[in-house]
Amino acid sequence: MKFSMIAIAAAALAAGVEGFSTVAAPRSVMRAAPLKMADAATDVDTKAALATAANEARGLAMDSIAAAHSGHMGLPLGCAEVGAVLYGSQMQYNPKDTQWINRDRFILSAGHGSMFLYSWLNLAGFDLSIEELKNFRQHHSQTPGHPEFPNSEHTTPGIECTTGPLGAGVSNAVGFAVSEKMAAARYNTEEHKIFGHHVFALAGDGCFQEGISAEAAQFAAHEKLDNLIILYDSNEVTLDKMAEYTQSEDIIKRYEAYGFETYEIDGHDLAVVEETIAAAKASDNGKPKFIKCNTIIGKGMEETEGTNAAHGEAGVPYVDKARASIGLPEEKWYVSEGTRDFFAGVQEKNGKIYDEWQNTYAAWKEANPDMAKELEDAVNDVTMPAEDMLAAIPEMGGDAEATRVSGYKVIQEIAKLVPNYISGSADLHGSTRNYINNGGNFGAGFDKSYAGKNLYFGIREHAMGAILNGIAYHGIFKASGSTFLVFVDYMRPTIRVASLAELNRVSYILTHDSIGVGEDGPTHQPVETVPGLRVIPNLDVFRPADAEETVAAYVSSVTRKEGPTALILSRQNLNQNTAMSAADRRAGAMKGGYIAKKETGDLDLIIIATGSEVQHALEAAADLPGARVVSMPCVELYERQSDDYKESILPSTVTKRIAMEAAVTPAWYKYASKVVGVDRFGFSAPGDIVMKELGMSAENLSAEIASMN
């Protein structure tokens, strides 16, 4: 192979990286094993190619950030050798088939360093052109400021997830690792192994300071997810100050205490980086891997390297000097012919692995046709049509019951109809009632296996949300997770990102939905929470009024294609609207809002209610011939209906309207001139007393209606 910068790259190998000072030796650096003489020439050529690619990736990042006058140079420059080893040597991928189910996954948890990822995707042969790099952070480009999972706004190939806030990506990676272990346990056979890949996450100090990463790491180690490899860009810098100003822990000891296998290396020594990652991949010892890569932030730009100034775009004025110092020509966005040739060779090598896998998959499919159909349906997100699913679920009956209890019955049916549906809880299965019977428990040890459908997250709501998202991003399973509604604020950032990323494979089961919680008091009685979820764009929030609406809520959550769903379920028993057929209630709920009781006289009043308040609306309307009751379990779904349908439910000519919900009131004024709600915190007492004292009763609703005359 010829490389236009071979001499420079060879010198780089001798000095660490061309043009850079040597990093101080870290505490415990893995050393590369001596090369056999027969392999020496090939190895030198490969390492030279990787060193060249690392510098050219630095150049791409500098040029793009300088053109945008916006972005973060520190990580792309500081982690270039890590990127070279991952994409040039150690990762299994095929840029021509970015959805290959057995590809290794790479997650950039430190998403602000996005030009690291975009540069390597371009070099590795993904369909991300130099023109797109030139348009970094520009409108309609495929290179947004932070990487975004393919959605209606961006379709950048090679982006595995929208990580969002720091710490989320490294926690998403745990979800990817869960999904891979689960897929391998379910679909691999003794004769054919179709799953067996690794999950890599690159994270920085901010990711490990955020508590979510600790929660996720505890879970990963406890469940022995040894397919997970975390790379820590340890550059001793945070945005405001040097890292020592705010942290003094021994992170290696912390991760060893969790149960990780740990390494500490010079992140600029290509041979050491390569050997360490190879060793981590080969170690199937039941321990996830944590590699502390000691790096210099902004490496190669002497004016800012090693300081917090390197974090952002402060280095833009020094780009030309830095490019020259690492041997790049004046041409911007320069990639040598040698680097393109090298990555063509990488593609050829990975292509052979891919082709071998395709042969294995074809043999597996022939031997296991039913299993293959199940897997391919899961990958392609094929489910039974919603109408058929509704018809397949038995009627729930007429006895009063909490919708969390209804949910328990429904989830059993969903698990039968959607084979790739799994669920978990943050230590609340007994209360949230989302355990899948006969589904087995996921994990290692005790009665668990990696094929289990029930996940025990422990008391880790924030990590649960990120892990659920990771499972969804991985693209095989539909995952739900449960906690009390009042605790959803612990995981709200993950719900926001799931909504932004249009993750339809994830849903949230949130029970104990109102002041009806009762005795636990105001700390556990949500009043602002449901309205707070409804303001998140692209999140469907279902608060069903009875068992049949609960059926619709679950069916909608697993058949929706555009984004996630939150299922809001009651602790206390609710009456069933048996005056209306089960089929009609289900069909109505699937439209988000419907007429739960039609007026028997001239329509002169509309009562709008949701969840546990629908029963009060029905009672209050019983003796009012001109009153219509509209149940609106999902405002977002209702708003997506046609104008004609909405006019048929809430005719604009009828302006006398009252809404009722056991929550803060402002949002309901969009639909009603008067709202009966709870604009204060509750108090500790039996739930029925709290409800009555705070006006959530048919009696009070009737009084409020009377006051409108």
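Colleague: What volume does the largest cavity have?

Modeller: About 110 Å³. This is a predicted model, so the value is computed from predicted coordinates.

Colleague: What makes it a cavity and not a pocket?

Modeller: A cavity is a set of points where a 1.4 Å probe fits but cannot get out, whereas a pocket is open. A search of the whole structure finds four cavities of 30 Å³ or more. The largest of them has about 110 Å³.

Colleague: Which residues line the largest cavity?

Modeller: Tyr87, Met91, Tyr93, Asn94, Asp97, Thr98, Arg103, Asp104, Phe106, Phe126, Gly158 and Glu160.

Colleague: How many residues of the lining fall in each class?

Modeller: Five are nonpolar, three polar and four charged.

Colleague: How do you know how many disulfides the structure holds?

Modeller: A disulfide needs two cysteine sulfur atoms within 2.5 Å. The count for this structure is zero. Take Cys207: the nearest cysteine sulfur, that of Cys161, is 11 Å away, and Cys207 is in no disulfide.

Colleague: Why does Cys207 count as buried?

Modeller: Its relative accessibility is 1%. The cut-off for buried is under 20%, so Cys207 qualifies. Cys634 has 0% relative accessibility and therefore counts as buried.

Colleague: Why is α18 called largely enclosed by the rest of the structure?

Modeller: Of its 14 residues, 13 are buried, so α18 is largely enclosed.

Colleague: How do you know what span is expected for helix α18?

Modeller: The rule is 1.5 Å times one less than the number of residues. Helix α18 covers residues 461-474, which is 14 residues, and the expected span is 20 Å. The helix reaches 20 Å from its first C-alpha to its last, close to that expectation.

Colleague: What comes just after α18?

Modeller: Gly475, with a positive phi of about 90°.

Colleague: Which residue other than glycine has a positive phi near 60°?

Modeller: Asn438 does. Asn438 lies in the loop between α17 (429-432) and β7 (441-442). Another case is Phe446, at about 55° although it is not a glycine. Phe446 is found in the loop between β7 and β8 (448-449).

Colleague: Why does Asn438 count as exposed?

Modeller: Exposed means over 50%. Asn438 has 84% relative accessibility, so the label holds. Phe446, at 78%, therefore counts as exposed too.

Colleague: Where does Ser612 lie?

Modeller: In the loop between β15 (605-609) and α23 (614-621).

Colleague: Is Ser612 buried or exposed?

Modeller: Buried, with a relative accessible area of 1%.

Colleague: What makes the radius of gyration agree with a compact globule?

Modeller: With 709 residues, a compact globule would have a radius near 27 Å. The protein has 28 Å, which agrees. Its C-alpha atoms fill a box of roughly 95 × 60 × 45 Å along the principal axes.

Colleague: What share of the 709 residues is buried?

Modeller: Buried residues make up 62%.

Colleague: How many helices and strands are there in the protein?

Modeller: There are 27 helices and 18 strands. A helix needs at least four residues and a strand at least two.

Note on methods:
Residues are numbered from 1 along each chain as its sequence is written. This is a predicted model: local features need pLDDT of at least 70, side-chain atom pairs count only at pLDDT 80 or more; totals for chains, interfaces and linings use all residues. Side-chain values use heavy atoms; hydrogens and water are left out. Buried means under 20% relative accessible area, exposed over 50%, partly exposed in between (1.4 Å probe, protein chains only). On a 1 Å grid over the protein atoms alone, a cavity is a set of points where a 1.4 Å probe fits but cannot get out, and a pocket is an open set with protein on both sides within 12 Å along at least five of seven lines; lining residues have an atom within 4 Å of a point. Grid points are joined across faces, edges and corners, and a volume is the space filled by probe spheres set on the points. Ala, Val, Leu, Ile, Met, Phe, Trp, Tyr, Cys and Pro count as nonpolar, Asp, Glu, Lys and Arg as charged, and the others, Gly among them, as polar. The radius of gyration is taken over C-alpha atoms; the globule rule is 2.2 Å times the number of residues to the power 0.38.
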